[in-house]
Amino acid sequence: MVKRNVILKSSISGLLLCVLLFAYPIQDDVLYENIPKLNGNCPPGFMLNTQNECIAQNLYMQYSTSNNPGVGGLKTGLPKVRDGFSPQKIDLGRYLFFDPVLSGDGTISCATCHNPNKGFSDGLPTSIGMGNYPLKRAAPSLWNVAYLRLFYWDGRASSLEEQMKGPLFSKDEMNNTPENLINTLNSIENYKHLFAEAFPERNAQRPIQLEEVYMAITAFEASLVSLNSKYDRYAHGYHEALNQKEIAGMNVFRSFVARCAECHTPPLFTNQQIAIIGTPEPNGLPLDPGAEVPFNDRSLRGGFKVPSLRNIEKTAPYMHSGKFKTLRETVQFYTDGRGHAVPEDENLIIHWHIWEPELSDDELDRLVDFLKTLTDESFIPKTPKILPSGLKPSV
Ligand code: HEC
Ligand code: HEC
């Protein structure tokens, strides 16, 4: 009896010992095992070539990218795209994008403000950074950024790599430093494995480099493609894709009275230029000088990059200041008269396409119907359930 008890006790304590010995030291390894190998397939919308590069594929490639897209006829090509990243770089970028370990205190990821479930925006009038710091502008959507040449509302960055240094290293946003970011990543076994897998051309023992972080996140952002909306099906010749109200809205959108397509030119729904349209700031806030500052040009005061309107239904509130809550309010702005919301002491050079179209209520409703045909989230990427850092995805 006594003997049995001892055996029982010792096997229980042996079991406990095993649990203690294995559970703790193994934790890191277990985590790595839970992170699958990086995806070797391209995301939807891309084809893998023999050099292991994902090349964008879409129906717009059958049309020429005309030098003069005008107001974006239906069968018009897209601008040049940023593609050619390996599937592994794209997948590594996906982990980094969702991982709050990229921020100074491990609380904020890119996806906090660019949440895939909110059209890659955050649903706020203006974003909130580290320590609840209120930012001055709204988070733009990231759909189709692979086609853009200018970034930020005021166009102050000209590549995705350059842009992301803003949030990463600004004390109001993710509040990290280049040194701390790279040291943190190099201290995480999972990331060392994953970077070696995504960058096989270099020595696997070499520490992770900042340029690799920028490239992987760029690869992921450039994979966010939305080109399969009802509008797109109509544009490629399937006429039943839009109903009568939506077609009526499209006709207003492209008309020389409303002039929307002059700036929001299909198929990207932006001509990628800076335009001064005179949108209001939230009550009590001074005018946002916009592009005047980065371009050091007084004539650009109050100018903002024309935003793409794809998935616009998903990214309320609207404009750089998040001033308008609904699409109806936003389109109403355009018919309330040129310069009506500009402060009296400002003398902005409002764009010549902003005029007094005197659109009827019915036309405004139809415009909203049309804008909703630009919704397509069929290629939405998966939010990782578990992150290489062991932190929780912050979306
Ligand atoms: C705290 C919220 C916040 C975080 C975190 C954040 N962003 Fe942003 N992002 C914004 C805001 C706000 C803007 C617009 C700022 C402006 O125009 O001045 C923006 C702009 C952008 C743009 C420009 C899009 C365009 O159409 O011009 C890109 C691209 C972008 N962010 C990517 C990222 C990436 C990648 C990360 C992570 C490394 C990130 N953001 C982290 C809020 C955030
Ligand atoms: C002269 C160029 C121009 C014309 C014409 C124009 N827009 Fe815009 N649009 C812009 C700019 C610039 C912004 C961003 C302004 C800001 O944030 O203050 C914008 C913003 C928007 C937004 C909000 C986008 C977002 O992400 O918040 C919508 C919706 C919109 N426009 C729809 C329209 C419609 C509908 C028409 C036609 C009635 C139109 N626009 C005509 C330049 C133009």
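Helices here are DSSP runs of H or I with at least four residues, and strands are runs of E with at least two, both numbered from the N terminus. On that basis the protein chain has 13 helices and four strands. The model is a predicted one, so please keep that in mind throughout.

A few totals to begin with. The chain has 395 residues, and 49% of them are buried. Its accessible surface is about 19900 Å², with 55% of that belonging to carbon and sulfur atoms. Of the contacts with a separation of 6 or more, 68% are between residues 24 or more positions apart.

Now ligand 1. Its shell has 28 residues, and those that come nearest are C110, C113, H114, Y152 and K305. By class, the shell divides into 18 nonpolar, five polar and five charged residues. Three helices each supply at least two shell residues: α3, at 110-113, α4, at 160-169, and α7, at 210-221. Of the elements, α4 gives the most, with four residues.

H114 sits in the loop between α3 and α4. A side-chain N or O atom of H114 is also 2.9 Å from a nitrogen atom of ligand 1. Two further polar contacts go to oxygen atoms of the ligand. One comes from a polar backbone atom of Y152, at 2.6 Å. The other comes from a side-chain N or O atom of K305, at 2.6 Å.

On to ligand 2. Here the shell has 25 residues, with C260, C263, H264, T279 and Y334 coming nearest. The division is 17 nonpolar, six polar and two charged. A polar side-chain atom of H264 is 2.8 Å from a nitrogen atom of ligand 2. Oxygen atoms of the ligand are contacted by a backbone N or O atom of M319, at 2.7 Å, and by a polar side-chain atom of H320, at 2.7 Å. The elements giving two or more residues to this shell are α10, at 260-263, β4, at 303-305, and α12, at 327-333. The most come from α12, with three residues.

M319 lies in the loop between β4 and α12, and its phi is near 80°, a positive value in a residue other than glycine. Is M319 buried or exposed? Its relative accessible area is 13%, and the limit for buried is under 20%, so M319 counts as buried. In the loop between β4 and α12 we also find P317, and the peptide bond from A316 to P317 is cis, with omega near -10°.

R259 is another non-glycine residue with a positive phi, about 65°. R259 is in the loop between α9, at 244-254, and α10. With a relative accessible area of 16%, R259 is buried.

There is another cis peptide bond to show, joining P266 and P267, with omega about 0°. P267 belongs to the loop between α10 and β3. The C-alpha atom of P267 is 8.3 Å from that of G73, although the two residues are 194 apart along the chain. G73 itself is in the loop between β2, at 54-56, and α2, at 87-98.

Next, D288, in the loop between β3, at 274-276, and α11, at 292-295. D288 is buried, with a relative accessible area of 10%. Its side chain reaches the backbone nitrogen of G290 at 2.9 Å. Leaving aside residues up to four places away in sequence, D288 touches R137, E281, G302, F304 and H320. Recall that H320 has a polar side-chain atom 2.7 Å from an oxygen atom of ligand 2.

Where is P384? P384 is in the segment after α13, at 361-371. At 6% relative accessibility, P384 counts as buried. Which residues does P384 touch, not counting those up to four places away in sequence? They are R94, Y95, F98 and P393.

Technical notes:
Residues numbered from 1 in each chain as written. Chains lettered and ligands numbered in written order. Predicted model: local features only at pLDDT ≥ 70, side-chain atom pairs only at ≥ 80, totals over all residues. Heavy atoms only, no water. Near = heavy atom within 4 Å. Polar contact = N/O pair within 3.5 Å; in protein donor to acceptor, adjacent residues only side chain to side chain. Nonpolar A, V, L, I, M, F, W, Y, C, P; charged D, E, K, R; others polar. Buried < 20%, exposed > 50% of the residue type's maximum accessible area, 1.4 Å probe, protein only. Contact = heavy atoms within 4.5 Å. Areas by Shrake-Rupley, 256 points an atom, 1.4 Å probe, with all protein chains shown as cover.
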